[in-house]
Amino acid sequence: MTTPAQTESTAATAPSTIALTDVAAEKVKGLIEQEGRDDLRLRVAVQPGGCSGLRYQLFFDERSLDGDVVTDFGGVGVVVDRMSAPYLAGATIDFADRIDAQGFTIDNPNAQNSCACGDSFH
């Protein structure tokens with residue numbers, strides 16, 4: 001016999017989308033303005049490769065693919081394809097502009113391992 005409590009989902013409430021910091025959103029907005037286009041969004045994907053098995057890809061894209069998850073951050077659209085979404089749920093994209101580091105960084109709680117290059121995880 002099954003009780004109602006046993007049939008309820010016990011899934012944790014984890015963030016379902018990627019986050020973009022205000023600093024990263026401003027940088028993306030500036031880069032899109034430099035391109036002179038208003039139809040571009042930042043696409044974030046996970047692809048096979050890298051020394052730890054998977055690597056990140058960030059690029060501007062005007063396409064809309066079936067199953068895309070689109071999130072708006074102050075006028076900046078961030079797109080994640082349906083295959084990459086589980087790997088990127090809860091991840092945060094930031095932009096560093098320091099003497100020791102410059103560029104976009106991804107803090108991903110789903111990454112079990114990473115490599116020295118910082119572009120790969122598994």
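Strands here are DSSP runs of at least two residues, numbered from the N terminus. The model on your screen is predicted.

**Stop one: D68**

Select D68. Look for D68 in the loop that links β3 (54-61) to β4 (69-73). Is D68 buried or exposed? Its relative accessible area is 18%, so D68 counts as buried, because the cut-off for buried is under 20%.

Now show the side chain of D68. Which side chain does D68 meet in a polar contact of 2.8 Å? Select R43: the polar contact runs between the side chains of R43 and D68.

The backbone nitrogen of L65 sits 2.8 Å from a polar atom of the D68 side chain.

Next, bring up the wider surroundings. Leaving aside residues up to four places away in sequence, D68 touches R43, R63, V79, V80 and D81.

**Stop two: β6 and its partners**

Move to strand β6, residues 92-97. Which strand runs parallel to β6? Select residues 19-20: this is β1, joined to β6 by two bridges. Within this pairing, find L20, which stands opposite I93 of β6.

Then select residues 102-107, strand β7. How many bridges pair β6 with β7? There are six, and the pairing is antiparallel.

β6 and β7 make a hairpin, with four residues between them.

Terms used: Residues numbered from 1 in each chain as written. Predicted model: local features only at pLDDT ≥ 70, side-chain atom pairs only at ≥ 80, totals over all residues. Heavy atoms only, no water. Buried < 20%, exposed > 50% of the residue type's maximum accessible area, 1.4 Å probe, protein only. Polar contact = N/O pair within 3.5 Å; in protein donor to acceptor, adjacent residues only side chain to side chain. Contact = heavy atoms within 4.5 Å. Pairing = 2+ DSSP bridges.
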